[in-house]
Amino acid sequence: MSLFEQISKDIMAAMKAKDKVRLEALRNVKKYFIEAKTAPGNNDELSDAEALKILAKLAKQSHESAALFQEKGRSELAEEELAQAAVIEGYLPKALTPEEIEKAVAAIIQETGSTSMKEMGKVMGIASRQLAGKADGKAVADTVKRLLS
């Protein structure tokens, strides 16, 4: 079962359970999935890899929004955002630890034979494909910079 189908099925379950937070989060996810499916050139298809990228992006946005709400003294809105982020993160694979990211990036650097910052683009291209949905892009980029300099 694809992630799109799983989300649709879980929306029905959330409706039956009258779980407002889960339902709202999953409906938002499905909206983004449908937008991606119907985008020009996608032929009404959404791969699980693309779906994972969308989920990771939505989870990150929810955490950023929660931080802003907390900063502005709106803790009830921050709690809502964090609850939705938790629902979304339930569909993401376990995030890699910094040590695992470093190990994966080091292997990619060795595989490509990269030795300087001039080759960061080549390393990032491979790393972003291999670690999509498993690691934050900024963490990967920081690790690549550190290992190439």
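The conversation below sets values against definitions.

Author: This is a predicted model, in which local features need pLDDT of at least 70 and side-chain atom pairs count only at pLDDT 80 or more, while totals for chains, interfaces and linings use all residues. Residues are numbered from 1 along each chain as its sequence is written, and side-chain values use heavy atoms, with hydrogens and water left out.

Reader: How many helices and strands are there in the protein chain, and what makes a run of residues a helix or a strand?

Author: Helices (H or I, at least four residues) and strands (E, at least two) are DSSP runs, numbered from the N terminus. By that rule the protein chain has seven helices and zero strands. Read from the N terminus, the order of elements is α-α-α-α-α-α-α. The C-alpha trace spans about 55 × 45 × 25 Å along its principal axes.

Reader: Why is Lys-37 called buried?

Author: Buried means under 20% relative accessible area, exposed means over 50%, and partly exposed lies in between (1.4 Å probe, protein chains only). The relative accessibility of Lys-37 is 17%, and therefore Lys-37 counts as buried. Lys-37 belongs to helix H2 (residues 20–37). Over the protein chain, buried residues make up 33% of the 149 residues.

Reader: Which residues are in contact with Lys-37, leaving aside its neighbours within four places in sequence?

Author: Contact means heavy atoms within 4.5 Å. With those neighbours left aside, Lys-37 is in contact with Phe-4, Asn-42, Asp-44, Glu-45 and Leu-46. For the protein chain, 57% of the contacts with a separation of 6 or more are between residues 24 or more positions apart.

Reader: Is Ala-51 buried or exposed, and how do you know?

Author: Ala-51 has a relative accessible area of 1%, so Ala-51 is buried. This residue is found in helix H3. Apart from neighbours within four places in sequence, Ala-51 is in contact with Leu-3, Phe-33 and Leu-46. Ala-36, 15 residues away in sequence, is 8.6 Å from Ala-51, C-alpha to C-alpha.

Reader: Why does Pro-40 count as exposed?

Author: Pro-40 has a relative accessibility of 81%, and so counts as exposed. Pro-40 lies in the loop between H2 and helix H3 (48–71). Its C-alpha atom is separated by 29 Å from that of Glu-64, 24 residues apart along the chain.

Reader: What is the phi of Lys-18, which is not a glycine?

Author: Lys-18 has a positive phi of about 55 degrees. The residue is in the loop between helix H1 (3–17) and H2, just after H1. Because its relative accessibility is 72%, Lys-18 counts as exposed.

Reader: Why are the buried residues of H5 said to line one face of the helix?

Author: The buried residues in H5 are Ile-101, Val-105, Ile-108, Ile-109 and Thr-112. Seen down the axis of H5, these fall within an arc of 100 degrees (the arc of the directions from the helix axis to the C-beta atoms), so they line one face. Glu-99, Lys-103, Gln-110 and Glu-111 are exposed on the other side of H5. The cover over the buried residues of H5 includes helix H6 (120–130) and helix H7 (137–148). After H5 comes Gly-113, whose phi is positive, near 75 degrees.

Reader: What makes the buried residues of H1 line one face of that helix?

Author: In H1, the buried residues are Leu-3, Phe-4, Ile-7, Asp-10, Ile-11 and Ala-14. Seen down the axis of H1, they fall within an arc of 120 degrees, so they line one face of the helix. What covers them includes H2 and H3.
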